[in-house]
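Hello,

Here is the structure we talked about. Please look through it with the notes below.

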Amino acid sequence: MQNEFECEPFTLITPTALMSPVVHGGRAKCLQRLVRLDMPVPKTIALSFRAVYDIAIGVMPDMAEILAPFGPNPLLSVRPSSQDPDWGGPSAILNIGMNDVRHAAMVNDIGEKAATEIYIRFVRSFALHVSRLDPDAFDLPKVADRTALAQILASYEHETDEPFPQDPAVQLAEVLRSMARAWDGTTARLLRQAKGAPADAGLGLVVQAMVLGVGQGECGTGFIQFINSATGLPQITGRYLGQSQARAALGDVEGALYLTKDTRGPSLEEQCPAVFDLLVKAGAVTRAKLREEMQIEFTIENDCLWVLDAVRVPRASRASVRVAVALAEDKIIPREEAVMRVEPTALSALLHRQVDPNAVRDRIVTGIAASPGAASGRIVLTATEAQASAARGEACVLVRRETTPEDIRGMHAAVAVLTMRGGVTSHAAVIGRGLGVPCIVGASDLAIDRKSQALIAPDGRRFAVGDIITVDGTTGDVLVGEPATMEATLDGAFQTLLEWADEFRDIGVRANADTPADAQTARNFAAQGIGLCRTEHMFFDGDRIGVMREMIFAGSSADRRAVLDRLLPMQRMDFKKLFRIMHGQPVCIRLFDPPLHEFLPSGKAGLRDLAEQLALPVHEVTERVAALSEYNPMLGMRGVRLGIAVPEIYEMQVRAIFEATAIITKEGAKIVPEIMIPLVSAMREVELVKAQIEGVAAAVRAEKNVEFTYRLGVMVETPRAALRAEDIAKHASFLSFGTNDLTQMTYGLSRDDAGRFMSAYVKQGVYAEDPFHMLDVEGVGELLSIGAVRGRLGNPNIVLSICGEHGGSRTAIEFCRKQGFDYVSCSPFRVPVARLSAAQLAIAARISKKG
């Protein structure tokens with residue numbers, strides 16, 4: 001590829017000219033492709049990035065050389081040509097070269113009114129965008145006559161103390177200088193960086209001969225595209241306005257024509273059928289040869305078609321998927337390219353309802369976008385109110401300072417969840433993603449006034465219980481009222497793209513699923529099994545929490561077993577449903593993990609209800625609850641520690657797993673359950689629990705007269721477990737890294753409280769990104785690497801995975817691929833995104849290896 005510092009500062013665009021998008025920009029390269037396709041493109045010169053940079057610092061090219069190809073008295077336009085069209089650039093300037101002499105000549109050709117209007121518009125554009133003068137002094141006149149022209153020329157001279165430049169070379173030089181400097185300005189730099197451009201991104205400029213679009217015969221300007229931007233389905237859309245210049249004139253203005261025959265008004269197809277046919281042919285050619293759906297900007301001058309530009313059709317997520325698939329099905333691009341063309345985030349938008357991009361957004365507060373999608377409902381402040389609202393058939397948004405396991409039923413009932421505290425791995429965020437419910441957490445600028453039952457926004461506005469708000473979990477915005485939304489859209493193109501992605505990816509994708517509904521969603525999205533089933537969530541449904549509380553208050557092992565015997569059939573049914581839904585695919589069940597206090601009430605009313613349920617004095621219940629409380633429960637009596645201290649819980653769970661396995665096996669299905677021990681930090685913990693599990697397995701085999709197998713693994717959530725993975729792996733079939741807790745312990749951060757200061761840390765560069773949102777490959781990643789290497793030393797056949805909320809992110813998938821992990825596991829609604837990301841990474845790696 002040519003070096004930008006060695007190329008000519010400007011190049012006439014011809015089929016054979018040396019031209020590259022990284023030297024001259026995407027627009028210049030596209031124009032050359034159109035020229036090669038024999039499109040009627042006006043004569044164009046491209047200025048390189050280096051030439052524009054030189055202009056910005058005062059080193060001007062030879063204007064005479066640039067103007068020479070256009071002949072005497074040229075009329076020109078200048079447009080930006082950045083490497084990526086999405087990065088934008090300065091506004092185009094039209095009619096450069098317009099002066100008194102040219103005006104007089106054009107009066108004879110196209111009439112005084114049209115010629116004068118063109119001159120006035122150019123003077124105004126030059127004054128505002130090149131000379132940067134006050135817009136108030138250059139309002140467009142109601143009547144474009146010689147008096148108005150004289151006035152605007154006088155205004156320019158008054159504001160600048162010099163007459164309007166008449167030399168086309170001077171005009172062009174000033175335009176080039178202005179556009180070059182605008183690109184180098186702070187505002188422009190920040191805007192393009194926000195769109196993904198590097199800080200030092202270059203700008204090219206294209207100087208093109210003007211086609212007036214004004215004059216005798218059929219004249220005008222328009223644009224045409226051949227797909228619907230929202231759906232991607234074939235459809236000719238666009239506008240055409242006679243006797244006009246520039247696409248700015250193509251809004252809903254009087255006189256604009258439709259392109260195709262339309263009952264609402266006249267069309268270009270009827271008025272100029274020959275030109276319309278040429279445009280349709282041009283669309284087919286550009287699609288086939290440029291391998292993309294293009295939007296063509298055109299001008300008609302005296303019944304003659306000119307193609308000014310062609311750009312990639314702007315499109316919604318749904319359309320981007322459909323277009324990529326259609327191009328591959330038509331053999332225009334290969335399947336792997338279709339997979340590479342779709343942004344994974346586009347799939348996320350398709351899976352959930354979204355706020356319409358054109359809707360008015362009256363923002364109440366912005367928090368952390370924890371679970372994508374949008375939903376509107378009436379404000380409720382408790383889980384009980386949410387359930388009552390759902391029972392009445394009223395959509396509601398559950399608003400809490402932070403959620404606890406007791407809120408799960410309310411979260412099921414609500415259409416969206418909003419919390420003041422928490423981060424992307426907090427309770428509300430994890431459950432919201434699992435349910436597919438829009439969720440915003442960490443909206444700390446919002447306050448709850450419980451006395452008046454209202455929310456107080458940062459600007460002082462109050463929203464009472466019952467008021468309708470909208471949670472946009474994709475952006476993190478909480479909005480007033482019920483703005484228009486766009487429904488989720490899953491179609492054949494979506495499924496086809498993911499099937500192609502599965503052909504290319506080289507790492508497994510499972511789902512985190514805690515309930516049969518989650519499992520069915522995972523199955524629908526073609527997850528390759530369940531990588532994490534958090535069994536504790538099963539105990540908060542219905543009457544189960546009451547039974548759990550009885551177990552917690554039981555005074556002896558025998559009493560605990562008696563209570564747990566009532567939970568056993570419920571757990572067995574849970575696992576039977578999961579096994580049947582997953583139909584032979586692996587199901588990894590994590591044994592009970594949370595501290596027991598999470599199942600107990602905290603308020604006085606809740607304690608009184610519990611005392612009544614247990615037939616115990618309130619003070620005795622209060623004392624017992626207090627005794628179970630811990631200073632730091634997430635580092636206390638939970639996970640394997642609880643399983644060893646209160647072995648009856650794990651005994652009941654593994655019995656339920658094995659009895660469900662026996663039943664499914666007798667039905668003729670093949671199932672190998674995976675049992676995972678949480679929060680391990682020592683090999684001896686695994687030995688103790690493993691012995692207990694083996695005993696239960698043997699007992700169930702004998703009782704049911706059924707042979708079955710299972711796999712035992714460890715959830716690596718503590719730094720010590722990663723460091724001691726060699727010892728631990730000797731007793732395990734798999735190691736699954738729980739990156740939520742591992743990140744929390746590695747950083748010494750509470751994932752529920754980090755949201756209070758995380759944005760300040762990211763802004764000041766302490767962390768590149770919230771480590772609970774994006775896997776920290778340098779710190780936490782090193783522990784994962786150490787754990788993987790040492791785990792394989794202890795057991796060469798060990799299966800490795802991650803199952804934290806990072807599992808669906810591109811960064812985590814890329815890391816896991818490089819480390820040779822077997823699969824990632826993420827929430828069900830992130831499975832399609834993970835499948836596509838994994839495929840794109842595999843394709844990119846293969847391309848890089850070939851290169």
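Buried stands for under 20% relative accessible area, exposed for over 50%, and partly exposed for what lies in between (1.4 Å probe, protein chains only). This is a predicted model: local features need pLDDT of at least 70, side-chain atom pairs count only at pLDDT 80 or more, and totals for chains, interfaces and linings use all residues. Residues are numbered from 1 along each chain as its sequence is written, and side-chain values use heavy atoms, with hydrogens and water left out.

Helix and strand labels follow DSSP runs, numbered from the N terminus (helices are H or I, at least four residues; strands are E, at least two).

Surface first. Ile57 sits in the loop between helix H2 (49–56) and helix H3 (63–67). Ile57 is exposed, at 53% relative accessibility. Together with Tyr53 and Val59, Ile57 makes a nonpolar surface patch of about 300 Å². Patches take residues with over 30% relative accessible area and no salt bridge; like charges are joined within 9 Å, and nonpolar side chains (Val, Leu, Ile, Met, Phe, Trp, Tyr) within 5 Å. The areas come from the Shrake-Rupley method with a 1.4 Å probe; for residues, only the protein chains shown count as cover.

Next, backbone angles. Most residues other than glycine have a negative phi. Lys331 has a positive phi, near 65°. Lys331 lies in the loop between helix H11 (317–329) and helix H12 (335–341), and is exposed at 73% relative accessible area. Ala615 also has a positive phi, of about 55°, although it is not a glycine. Ala615 is placed in the loop between H21 and helix H22 (618–628). With 66% relative accessibility, Ala615 is exposed.

Now the interior. A nonpolar core is a set of buried Ala, Val, Leu, Ile, Met, Phe, Trp, Tyr and Cys residues joined through side-chain atoms within 4.5 Å. The largest one has 128 residues, and Leu347, Phe658 and Leu735 touch the most other members. Helix H24 (residues 647–666) gives the most to this core: 10 residues. A second, separate core holds 58 residues, among them Leu176, Ala180, Leu205 and Val207.

Contact means heavy atoms within 4.5 Å. Beyond four places in sequence, the contacts of Leu735 include Val714, Val716, Ile728, Gly787 and Leu800.

Phe122 belongs to helix H5 (residues 112–130). Phe122 is buried, at 1% relative accessible area. Ile96 is 26 residues away from Phe122 in sequence, and their C-alpha atoms are 7.3 Å apart. Setting aside neighbours within four places in sequence, Phe122 is in contact with residues including Ile93, Ile96, Met98, Phe164 and Gln171.

On to charges. A salt bridge puts a side-chain nitrogen of Lys or Arg within 4 Å of a carboxyl oxygen of Asp or Glu. The structure has 50 of these salt bridges. Here are some to look up:

- Arg287 and Glu293 form a salt bridge at 2.7 Å, N to O. Both Arg287 and Glu293 are buried.
- Asp472 and Arg361 form a salt bridge, with the closest N and O atoms 2.8 Å apart. This pair links distant parts of the chain, 111 residues apart: Asp472 is in strand E21 (residues 468–472), and Arg361 is in the loop between strand E11 (354–355) and strand E12 (363–366). Asp472 is buried at 2% relative accessibility, while Arg361 is partly exposed at 30%.
- Asp741 and Arg638 form a salt bridge, with the closest N and O atoms 3.0 Å apart. Asp741 lies in helix H28 (residues 739–747) and Arg638 in the loop between H22 and helix H23 (640–645), so the pair ties together parts 103 residues apart in sequence. Both Asp741 and Arg638 are buried.

Last, Asp593. Asp593 is in the loop between strand E26 (587–590) and helix H21 (604–614), and is buried at 6% relative accessible area. The side chain of Asp593 makes a polar contact with that of Arg638, at 2.8 Å. A polar contact is a pair of N or O atoms within 3.5 Å; within protein, one must be able to donate a hydrogen and the other to accept it, and residues adjacent in sequence count only if both atoms are side-chain atoms. Outside four places in sequence, Asp593 is in contact with Glu536, Arg638, Gly639, Pro678 and Leu679.

Best wishes
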